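Please open the structure in your viewer and keep the selection panel at hand.

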Amino acid sequence: MFIAIENVCFSYSNSKENAIDEFSMTIEKGEVISILGRSGSGKSSILRILAGLELPTKGTFTIGDNVLFSSNIFVHPEKRGIGLVFQDYALFPHMTVTENIRFGLFRLSKKEKEKRIKEVLELVELTGFEKRYPYQLSGGQQQRVALARALAPKPNLLLLDEPFSNLDAELQYKIRKDLRDILKKANITSIFVTHDENDAHALADRIVKIDKGKIVKVGRPCDMLGMPIKQEVMQ
Amino acid sequence: MKRLMINVNSWTISASCIIILLFLPNITILKGIFVPSNENWEHLKKFVLQNYIQTSVILVVFTAIFSIVIGLSLAWLIAQYQFPLRNFFKWALILPLAIPPFIGAYTYHGIVNYTGVIQKTLRNEFNITVNPSFFDIMNIPGAIFIYTLFLYPYVYTITRIFLSNQSASLIESAKILGKGPWQIFFQIVIPISRVAIIGGSSLVILEVLNDYGVVKYFGIQTFSTAIFQTWFGFGDIETSIKLAASLMGFVILILVFEKLFRGKKQFSFASTKVKPLPLIRLVGLKALFATSYVLIIFCFAFLIPVAQLVSWFILTFGKIPMDEFFQHIKNSVFVAGVSAAIIIFCALIIGNFSRIVKGRYVKILPKITVLGYSIPGAVIAVAVVTTFITLDRFLTPLYAVMGIDSKLVLSVSIVMLITAYIIRFFAIGYNAIESGYDKIGTDFSHASRILGAGLMRTFVKVDLPMMKGAIISGFILVFIDIMKEIPLTLILRPFNFDTLATKAFQYASDERIMEASQASLFIITISAIAIFVFHYLLEKGPK
């Protein structure tokens, strides 16, 4: 077991109800997990809690031997060593592709930085786009830059928030396959949230289905095939 | 507790310190209410306080009514109709805001008095001598005339933008249902513009209560003039604090009324979807009437006073030593620049604190600092002086150690004036910065932090470059307001320190109206350019 999430609860300040209720799971190194649920089910809240952007009311979260939060510990997002690809990518608009990727590598030497930038650009097949600004890229290219930026500092865990929601249907199909290849090639443990069962089935090693902040079912994609997910989970 | 521990960082500490410092002088005023009253206060209360309240209420009520009538009618004409020169007037009608009311007041007085252009022309060219009292504007109706002319753009701008962007579907529905233009105006336009009208007229009211220049020049007794008079005339700071507290109570009452009047209606038009109102082309007499009406307002509110100032400027050119004039420009630019820079710097810290720190109650804190703009300059002046004198008393032993003879150091320095500007105009800078932060959202800074950057690195490398527009527009707005400011500068400036505004006011008060034109025109030109650029950018900006 590489990652352990235990009994995590979370509620928003303007609500008494738990948005996340006793969420627990373990993840093996290199595993790709999909959290599947309809909008408002709490799936994005889980990502934000794991990234350190929200403070859970209860629970623990450990990666390897490091406790990232518990009843008396809270590690700030910049110290967690976690990568996150935002739904709308959040690429810094005033920085080029290279500068965006370099941003998270400030602890490396100049030579190491350039080497790593080259590696991740090759990984996401964007060599030649180094000097472009985000607005000069297509939606699919922007997503690849966001992925490269998140992978560059070699995070212990990669989180992806609805990675395909901003892409058109044709591109979604192509990028699903590419993304799985990239994640597997990088051998990185990842969790991505989605409302689309096709994304979950195409990408994940395991699917965690949630509703109203609670885990409803966990299983391999093939185990979930019989489930009427579309009717239950989709909007 | 855990949340508190997580939220405590250098941003929280700096922001809390700034908020406390900005709010501290207001506590002095509020405390003043509970100090036992003295003879002066009893006298004022018994004989003149009622008069101050009455005058202030008359000024506020009538200026608000006339500003609404003019502002709303202009906004409706520009938003709904196409007529000759409409595109020019759309922008030109904002320009009167560039003329500080006190400059408008002495200019109009100069135009209509016995030696002014009107009476002189009537006497010399037509041999007509009129009763001078007929042209006397140095009274309450005259002040209302001046305030209305130079403050109506607040109602006009807010209402026009609202009508142009938000009202299309409602007005089109009314037309389809067979309503005529007057019915649409009274049954649709006025009710749906209520929030915009109240927002604009509240600004007009606050400006009237804050004003010192017009009422002082016209010799009208209001709260502002009374505060100064008790302070400098009687040397009675306790009574002036009590007056300031009463005025503050008055302002709080107005703000409460504003909230009540707005009610929940403000949520009805929260849509950010902009559908421009299609223009109706006016022809013939209707077009002539529309153009003439707008032109008359524009002439009275901008063209005539500016033309008069230009003619005075030509007549007096060279009479004012240029080195003195440049010194005043330097002083104005210095205090406005330094204050605006500090305001923007503090606003960036408080704005960022408000984004980083979570919690409902924490979000309310920055709102306290915004109160300063609603508090009239006279009240802030009293509050700041009292605080600085207390501070000087506290620091006297330190001054002695440093070998400084005087007991008053800070309270006679420019630091006091700059502090007062910061308290008074913080809201303007903060609003610009806050809307800048709102526009960029939190995803970029979250992305930065997840990539390992701390709060400071995130602020410098990510937030600041993306906030460039908001920083520039906030700086311009504060800078211009300080350039035009009168009451605070008059009271709190160090000895022998003049700005363009104080010099213009001083010349006008000394009946050297013509000499006041040079400084006035300079202020108007700079303000007009800034106002035009700001509104142009605002309208052109991303919707």
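## Stop one: two helices in chain B

Select Pro25(B), Thr28(B) and Ile29(B) in α2(B): they meet Val379(B), Val382(B), Ala383(B), Val384(B), Thr386(B) and Thr387(B) in α17(B), where contact means heavy atoms within 4.5 Å. By class, this contact of α2(B) with α17(B) has 6 nonpolar, 3 polar and no charged residues. Here Ala, Val, Leu, Ile, Met, Phe, Trp, Tyr, Cys and Pro count as nonpolar, Asp, Glu, Lys and Arg as charged, and the others, Gly among them, as polar.

Now show helix α2 (residues 10-32) and helix α17 (residues 377-401) of chain B whole: they pack at an angle of about 100 degrees, with their axes 8 Å apart. That makes α2(B) roughly perpendicular to α17(B), a label for angles of 65 to 115 degrees. The axes are lines fitted to C-alpha atoms over the stretch in contact, and angles run from 0 to 180 degrees between N-to-C directions.

A note before moving on: this is a predicted model, in which local features need pLDDT of at least 70 and side-chain atom pairs count only at pLDDT 80 or more, while totals for chains, interfaces and linings use all residues. Residues are numbered from 1 along each chain as its sequence is written, chains are lettered from A and ligands numbered from 1 in the order in which they are written, and side-chain values use heavy atoms, with hydrogens and water left out.

## Stop two: strand β8 of chain A

Select residues 189-194 of chain A. 6 of the 6 residues of this strand, β8(A), are buried, so β8(A) is largely enclosed by the rest of the structure; buried means under 20% relative accessible area (1.4 Å probe, protein chains only). Thr189(A), Ile191(A) and Val193(A) point one way, Ser190(A), Phe192(A) and Thr194(A) the other.

## Stop three: an open sheet in chain A

Finish with the open sheet of 4 strands in chain A, ordered β2-β1-β4-β5 with antiparallel pairing. Its edge strands are β2 (20-27) and β5 (66-69), each pairing on one side only. Zoom in on β1(A), residues 3-10, and β4(A), residues 58-63, which share 5 bridges; the bridge partner of Cys9(A) is Lys58(A).

Technical notes. Buried < 20%, exposed > 50% of the residue type's maximum accessible area, 1.4 Å probe, protein only. Parallel < 35°, antiparallel > 145°, perpendicular 65-115°, else oblique. Pairing = 2+ DSSP bridges.
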